[in-house]
Amino acid sequence: MENTTFRIAVRKFGPFESAMQQLWDAFCLKYDISISVEMVPMELHDLYEQTISEGGLKKGDWDIAHINTDWIFDAAHANAVQDLTPFIAKKAPQNFPEGWHNSLLHLQEINGGIYGLPFHDGPECLIYRKDLFEDPIEKQNFKKQFGYELAPPKTWAEFEQIATFFNRPSENLYGCIFANYPDGHNMVFDFCLHLWTRGGSLLNAENQMDINTQAAIDTLDYYRYIVKNTAAVHPGSADFGSVEAGMAFANGEAALTINWFGFASMCEVIAESKVKGKVDVTTLPFAVGGKTASLNVYWLYTIGAGSRNKKLAYDFLRFATTAESDKLLTNEGGIGCRKSTWTDAEINATIPYYHKLESLHENALTLPQITVWPDIAILIDQMVLQALKTNIPSADLLKNTQIEIEKIL
């Protein structure tokens, strides 16, 4: 090992940053390690550029990086990340692989190699204010207006009605929050979720990318309508990424949101939350002919293929993925990946719905594992943005985007 600065590329998010610093400090203290560390928090686009597009992991600019499963197939095929199989064979992480749900192990397994260890989990779900839904006056007024009992929505039609009911700008309370900042992720995920809950798919019968379908037209038609519904939606949604949307919900600014499980958990653990003890989660609504779905995208610890400190990096990964470390991340506001954390009594006392993670995973689907997925995601992101900003028919947008997708493929 060279006596140089150890560099970690971190997904920019307060709980991640604080947990990573605490884990590194504890690791160094336990093993009497004195190498200096530089942790660089980055937004999604910058993180992808620095680690993969510009070859930072491959060149050795980064020893460890947070990489999400959208990117790992691309990263592995670009020889940017280290295959951990030889390290695991010599000294496996604590209780590996039994300590994790299968859904958190397979996306990083590529061509017989293992290219990362689970860092942060939390499938997409419906997050709602249970205090509002359980309020007797709210229940009475809702039933009087809509003719049925107020409860978390099962269908998209109910979702819209409930969001409209709770939309009260004068009280800084809105029906729902979307994350519509065009970063190649949030609106792509929303498009996929709405498509799946309408019985659609990103792939055709030949297992090829095909979004030029009636289900996709119905999806885009509805999404562009609901997102622009000022009688139901938080006005900041257009500028919110998932983090900003999560913070607005934690600030008590909405009755409903569709976001990662971690942003529900955050409501219970961060000091600035105004909805602690008032939140619950459930499955996503669906359309007629569809069924509920979730999206399984998770974050990984990866080691740069060009790192000059691979043994140290792997030792840290083993330390950072123990049951104790996984629980620490959760208490900081991240989402631990171990089954032991999901069922931990102390965690569930703080976050009463934490045990629901396993059931949410049962409905979780994944994105296509192809090297060009990041490029396709950008095309879908641009398509949804056009839908929100123009009057171009959804059918035309989807047809044109499919043509561009086929050029990439």
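# Exercises on a predicted model

G290 counts as partly exposed, because its relative accessibility is 22%; buried means under 20% relative accessible area, exposed over 50%, and partly exposed in between, with a 1.4 Å probe and protein chains only. The model is predicted, so local features need pLDDT of at least 70 and side-chain atom pairs count only at pLDDT 80 or more, while totals for chains, interfaces and linings use all residues. Residues are numbered from 1 along each chain as its sequence is written, and side-chain values use heavy atoms, with hydrogens and water left out.

**Exercise 1.** Locate G290 and find which residues it is in contact with, leaving aside neighbours within four places in sequence.

Step 1. G290 belongs to the loop between β10 (279-282) and β11 (294-295). Strands (E, at least two residues) and helices (H or I, at least four) are DSSP runs, numbered from the N terminus.

Step 2. Contact means heavy atoms within 4.5 Å. Under this rule, and with those neighbours set aside, G290 touches T197, R198 and G199.

Step 3. From G290 to R198 the C-alpha distance is 4.4 Å, although 92 residues separate the two in sequence.

**Exercise 2.** Describe the surroundings of strand β1 and name its bridge partners.

Step 1. Two strands pair if DSSP finds at least two bridges between them. β1 runs parallel to strand β2 (residues 37-42), with 6 bridges joining them, and V10 stands opposite P41 of β2.

Step 2. Between β1 and β2 the chain passes through helix α1 (residues 14-31), in a right-handed β-α-β crossover. Right-handed means that, with the strands pointing away from the viewer, the path from the first strand over the helix to the second runs clockwise.

Step 3. Strand β3 (residues 64-68) also pairs with β1 in the parallel sense, over 2 bridges. Here I8 has I64 as its bridge partner.

**Exercise 3.** Count the aromatic pairs and examine two of them.

Step 1. Rings of Phe, Tyr and Trp (its six-membered ring) pair if their centres lie within 6.5 Å; planes under 30 degrees apart count as stacked, over 60 as edge-to-face and the rest as tilted. The count by this rule is 30 aromatic pairs.

Step 2. F16 and F119 make an edge-to-face pair, 4.9 Å centre to centre with 70° between the planes. F16 lies in helix α1 and F119 in strand β6 (residues 117-120), so this pair ties together parts that are 103 residues apart in sequence. F16 is buried because its relative accessible area is 3%, and F119 is buried at 1% relative accessibility.

Step 3. W71 and W299 also form an edge-to-face pair, at 5.7 Å centre to centre and 85° between the planes.

**Exercise 4.** Find which residues touch the most other members of the largest nonpolar core.

Step 1. A nonpolar core is a set of buried Ala, Val, Leu, Ile, Met, Phe, Trp, Tyr and Cys residues joined through side-chain atoms within 4.5 Å.

Step 2. The largest core has 143 residues, and W24, F159, F191, L202, L256 and F316 touch the most other members. Helix α18 (residues 373-389) gives the most to this core, 9 residues.
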